[in-house]
Amino acid sequence: MALKIVKGSIDRMFDKNLQDLVRGIRNHKEDEAKYISTCIDEIKQELKQDNIAVKANAVCKLTYLQMLGYDVSWAAFNIVEVMSSSKFTYKRIGYLAASQCFHESTDVIMLTTNQIRKDLSSPNQYDTGVALTGLSCFVTPDLARDLANDIMTLMSHTKPYIRKKAVLIMYKVFLKYPESLRPAFPRLKEKLEDPDPGVQSAAVNVICELARRNPKNYLSLAPLFFKLMTSSTNNWVLIKIIKLFGALTPLEPRLGKKLIEPLTNLIHSTSAMSLLYECVNTVIAVLISLSSGMPNHSASIQLCVQKLRILIEDSDQNLKYLGLLAMSKILKTHPKSVQSHKDLILQCLDDKDESIRLRALDLLYGMVSKKNLMEIVKKLMLHVDKAEGTTYRDELLTKIIDICSQSNYQYITNFEWYISILVELTRLEGTRHGHLIASQMLDVAIRVKAIRAFAVAQMATLLDNAHLLTGNMQRNGICEVSYAAAWICGEFSEHLENPMQTLEAMLRPKVATLPGHIQAVYVQNAAKLFATVLKSQEGNTDSTAAQETSQLMIERLPLFVQSANLEVQERASCILQLVKYIQKLQQKDVEVAEEVSALFAGELNPVAPKAQKKVPVPEGLDLDAWINEPPSESESEDEQPKAIFTKEETKHSRPRHIEVDEKELARRREARKQEQANNPFYIKASPSSQKVYQDTPGVEHIPVVQIDLSVPLKVPGLPMSDQYVKLEEERRQKERAEKKKKEKKKRKEKRSGRGKKHDSGPESEEDITPAHMVDIVTEEMPENALPSDDDDKDPNDPHKALDIDLDNLGEMAGRRPLADSEKLPVRSHRAVEAAKSPGEDGDAETVATQQPKKKSGKDKRDDKKKDKDKERKKSKDEKKKKKHKHEEKEEDLLRGEVHEPVVQSEGISQVAELPTSTSAEVSDLDFWLSNAPVPSNTQEAATVAAAEAPVAEVVSGAAQDSEPDEPKDTEMEETKSSKHKKKKQKKEKEEKEKKKKKRHHHHHRHSDGGGEESVQNGTVEEEEPLPSMSNYCLLAENSYIKMVYDIQGNLQDGSQVVVSVIFENKCDSFLKSMEFNVLDSLNSKLQRPEGSGPHDGLTVPFQLPPGVSNEARFVFTVQSIVMPQKLKGTLTFIVKNEESSTHEKLDFKLHFTCTSYLITTPCYSDAYAKLLESGDLKGSSLKLEGVNMPFHHLLARICFHHHFSVVERIDSCSSMYSRSIQGHHVCLLVKSSGQTVSIDAKCDEPTMLGNVLDEIKQTFSQC
Amino acid sequence: MIKAILIFNNHGKPRLIRFYQYFTEDMQQQIIRETFHLVSKRDDNVCNFLEGGSLIGGSDYKLIYRHYATLYFVFCVDSSESELGILDLIQVFVETLDKCFENVCELDLIFHMDKVHYILQEVVMGGMVLETNMNEIVAQVEVQNRMEKSEGGLSAAPARAVSAVKNMNLPEIPRNINIGDINIKVPSLSPF
């Protein structure tokens, strides 16, 4: 016992570490809370000690307790103390605790600013790292503002470990302090090309996050990302970039076109499922953004769908899930491609995994058509019966209703079937969606007039049987259905077969157990029914029946009069009195039926949910004007309304709003909208799914329903939807037969009903006409209702603040350079004085370097460092490429002369560049995006180049040190064919690196610049736009179909080429069952799916409606590629029109040129020189006479048709390079003089070279 | 962005929580409970994605989790993250833990929550993926651990604490009193 006491006191007093604490908690399972509270007391004791180790230990334990849900914010100050320890071990503990429990409203955070700044500039990179990590979790707007500059400096830290952390944390800084985005962006962008992959990945990550929220500001980065995408091998980076492109494509369809090819290649080549999936996703986004009807893209869709199918069929549930998810995106724009996989998706409905079932359900939504709706819903109904767990069953139920009711019941051909489905759904136990079924019943009954009789009959049965269900109805939401049933029976009582019976059912005592609002409907509709019954009974001579009805009412209604529900009570007593009065009249033999039914005369029209909101404000009415004089606060404010008011008083008859002109009104409306948007308490209408705007409201405009019932409406007992499925089948068959007959007689069948509805369905669906021509009554809308755009952004979204134009930063200096006010705040002296922790040398130094930025420029020469800093800040835009180190080395050299020229050049560039940069920038992106192999906007680019050139000259002349900046180079380069683009960029990079090496040597730079200018000038000359070119050549053609083809080598596989064939339907008939077959040779073989014979044809994976073209790809394996080849082949297809279908065939010859085995491959000039020097290549030459085209056209042609790329070009002489799929190098030296072009060629395979040259010759002989 | 990283065991006991957005402690516990509820009822052979709990995120967010032996690793991410990528990341994280702890098991996470945090900090920072290369992560963690050792580490703390206690005029007490029997069997996490 004594021992226990001792132990207890030990436990309390002894200083535990984290492990002891955990152990202790585990040993006190029964009284954990009590134990922990004693521990917390201990910790409090420990925190009071001076020893930092003890404190750190205590804080460490608190972090653990925080995880268990204990609020430890009371120790925030101690955490700060531990953070400021000089030992890494404790510092780390402090920052960890801070990152776990600090947040914006933690007040001690403001004490940390200086500590964090000190840690950020610590010589130990791990101190910095820990501080960055911690800060990323608790950064506040104040911290972000104060530390932005320090973090930005860290982005250029020598250690990649720090750089990547600094880059990542910038995103958090931007979020908290949006003003930092513009000044920091150039450096962030620079990090995209950091040599360290981790830093690069971090930069991509941050820009992707930024761009996701405000994509339009980052469009101009697309070329850079494109380059990264084609060069990076890091899947993480690729995934991020590809995701980013997915966000960018909706804004710029041309980007999408450019992306399709590399993405398709990635899809084919990657083995990483995650990358494949993201590629497919982005291709889908691209396809969505592109306008449909582009024939080539259906091949991409096919590819996506095909890949997704593979994912869905995979045994890995994750892939299955993602496949379905992506499929649903395709579904929105290309439902047909998905529909063909219906089997697979229905199969997924049976999956054991609920997530997958739900995804499959989502897909079903878009897959229904008039044809298969019944079948799909039938299948779903089976699932409803089988489903375990109410959540999934409820989901099924809502999906069934969604599917059926989508686009204004577009796919429902038989509403009787739908009503019976709804009735069947009411038998579900435990569903929460009774109200949903009810509202569907009401909606259908009200809007589909033809169905009312049937609906009423069904509802009457439902009411009749309600007593069987009420027991469990009460508990679950299904009783809502009786609300609809009662209302329908009452409102459309004229359709009732036996109103008396229904009336009785509605007045059963059991009804009193239903919820109040339903009882109220029962009572009210009982009255309606009563009116109907009276009417039918008064026609008879026997008046006793009518009196018995009244008697029934009088007997049953008192039950409701006693109801606790006010509404029920009120209605019941009102109606009871009415009936009593009627009974009196009846006893006097007075006919009352007319009067009673007059109570409920008139029809109710459906009103659109938004109608109220859409009522336009009448001309001149100002809802904002005061009705009465506003309470006077000050005289001046009063004046305006007073004037209005007095005027109104003088002429009462005229509306006072006349003085308010249109403009003012618009302005006020705008202001009001704004106010509403900003008012969190303003309840916004939820967007409704149905967007039907009708201009002609009113009963008289609702089209009259034509009823043409070919199906018996009366089905005894509760309906079975299956019956209707069968009946519908029969009806359709009959209809089809009739239609055929009619068509044979060549009588044009006049289609009544709404053409619009038919247009939307696919062709084959037009055969199905709805069972009865049902006009769905559209919902009423007020006159002049305007489609409103309610998609207000959430004003609290932190990313909204980051919607900052960044285009004019970095590359394009000028348009809106960073203003002084935009520069990141740096510490001033005052901040140092305020700093509590005194005298850090490093700190003081940074202060010194940053301080001059705030000063005006007068003391420039005072300090080296100041100059350096100033220079960097001021010409930030142009000189990002400069590295700190270089500057330091150069300092002595530059000291005397540099800063002045720099300032000068800056001035010049600002003046000179201002007007050009805007267009330059636009054309830059435009140019990059123009997918044509040859620049279509050379003109534009050239003008830009021309405009830029002098600037470049001036700049380089004035300040030898400041090189013409990088983007200009890019532009120059880009005036050339985009095919060269990749290579050019690499070359350019190379040049850049060279330049960096040579930086000290001004002479070198000079000559460098001179060389560049000559290129520029060369480009400026060539302004003529190139003719459009296509590599597709005719394969075969007849009166039905035309085929053109192109052959591309496959980079991944040296023995494969891909033949893309575009099939174009030229006739008015439908082409289907196309089969593509080629007679293989020994050398070239068509790749056929496994299991098929060597002579089997390949089915073309699509059909062609009239006038449509589509592309299919076929893979061939080739062995030797040195000789051109011809393969004979046949296309067989079925031509189907309304009357007949015929089998046709078309022979063709596929010409595999040697050119088609070449792949455009970039080559650096030094590698090229080495290649030529190696002496492995054998030469050959060719002379072309009478070539009448500019040299750049000539080059473009060779590049485009023969898959070469330009290595170097000087005036009218150019070296070119290409590589075959089997790795043969082909080098060309093209010289042009007058009309003669000579081509010297070298290749390691002479036969191939000869053939390629022949083909080049042929190309030019044709033009 | 990653919004939260939760590690809890088969009974829902949290082993590590890391929120990249502020929630009160009560809310955090509620989220853990809800997430555990969602995740624990799923078979091991169903997919690893869950559309968000109501508490955290919204329609844009997904729960991506992996279940290793006795532990669930749950990441709550938004749509800017690749689902399969995050699954890979969890794998990288767990493999890193395995390397750092040498055959990691639940006990390691229980007693060294701080170390697990430090490792996680090298993988994810402020909700964004920092590093995916395991060797790099392990290298950085090890350098930092060496630094801690050279400083004497936190293990030096108890010694000092004891001396502090001594100064408080308390009788000296042997360090290891009853540790108690830790008789939980935790299968190794190593077989992936």
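## A buried glutamate and its lysine partner

In this predicted model, the side chain of Glu46(A) makes a polar contact with the side chain of Lys61(A) at 3.1 Å; a polar contact is a pair of N or O atoms within 3.5 Å, where within protein one must be able to donate a hydrogen and the other to accept it, and where residues adjacent in sequence count only if both atoms are side-chain atoms. Glu46(A) has its place in helix α3 (residues 32–48) of chain A, helices being DSSP runs of H or I with at least four residues and strands runs of E with at least two, numbered from the N terminus. Glu46(A) counts as buried because its relative accessibility is 5%, given that buried means under 20% relative accessible area, exposed over 50% and partly exposed in between, with a 1.4 Å probe and protein chains only.

## Basis of the values

Residues are numbered from 1 along each chain as its sequence is written, while chains are lettered from A and ligands numbered from 1 in the order in which they are written. Because the model is predicted, local features need pLDDT of at least 70 and side-chain atom pairs count only at pLDDT 80 or more, whereas totals for chains, interfaces and linings use all residues, and side-chain values use heavy atoms, with hydrogens and water left out.

## Salt bridges within chain A

Over all chains, the count comes to 40 salt bridges, each defined as a side-chain nitrogen of Lys or Arg within 4 Å of a carboxyl oxygen of Asp or Glu. One of them joins the side chains of Asp194(A) and Arg163(A), at 2.9 Å from N to O. Asp194(A) lies in the loop between α11 (181–190) and α12 (197–213) of chain A, and Arg163(A) in helix α10 (residues 160–176) of chain A, so this pair ties together parts that are 31 residues apart in sequence. Both Asp194(A) and Arg163(A) are buried, and the side chain of Asp194(A) also meets that of Lys191(A) in a salt bridge of 3.5 Å, N to O. The relative accessible area of Asp194(A) is 8%, and Lys191(A), at 5% relative accessibility, likewise counts as buried.

A further salt bridge links Asp443(A) with Arg447(A), whose closest N and O atoms are 3.3 Å apart. Both residues lie in helix α25 of chain A, 4 residues apart, about one turn of the helix, and both Asp443(A) and Arg447(A) are buried.

## A buried loop residue

In the loop between α25 (434–447) and α26 (452–475) of chain A is Ala450(A), which counts as buried because its relative accessibility is 6%. The C-alpha atoms of Ala450(A) and Phe415(A) are separated by 8.9 Å, although the two residues are 35 apart along the chain.

## Helix α48 of chain A

Helix α48 (residues 1191–1202) of chain A has 12 residues and reaches 16 Å from its first C-alpha to its last, close to the 16 Å expected at 1.5 Å a residue, where the expected span is 1.5 Å times one less than the number of residues. The helix is mostly covered, with 12 of its 12 residues buried; among them are Phe1191(A), Leu1194(A), Arg1197(A), Cys1199(A) and His1202(A).

The buried residues of α48(A) pack against β10 (1158–1159), β12 (1205–1210), β13 (1213–1220), β14 (1225–1233), β15 (1236–1243) and α49 (1246–1261) of chain A. After α48(A) comes His1203(A), whose phi is positive, near 60°.

## The interface of chains A and B

At the interface, 79 residues of chain A are in contact with 77 residues of chain B, contact meaning heavy atoms within 4.5 Å. The area buried between the two chains is about 7,200 Å², of which carbon and sulfur atoms give 58%; buried area is the accessible area (1.4 Å probe) that two parts lose on being put together, summed over both.

Between chain A and chain B there are 9 salt bridges, including one between Glu148(B) and Arg92(A), with the closest N and O atoms 2.7 Å apart. Across this interface the rule also finds 34 residue pairs in polar contact, both residues being at pLDDT 80 or more. Helix α6 (residues 88–101) of chain A gives the largest share of the side of chain A that touches chain B, 9 residues. A network of salt bridges links Glu209(A), Arg212(A), Arg213(A) and Asp78(B).

## Chain B

Of the 192 residues in chain B, 59% are buried.
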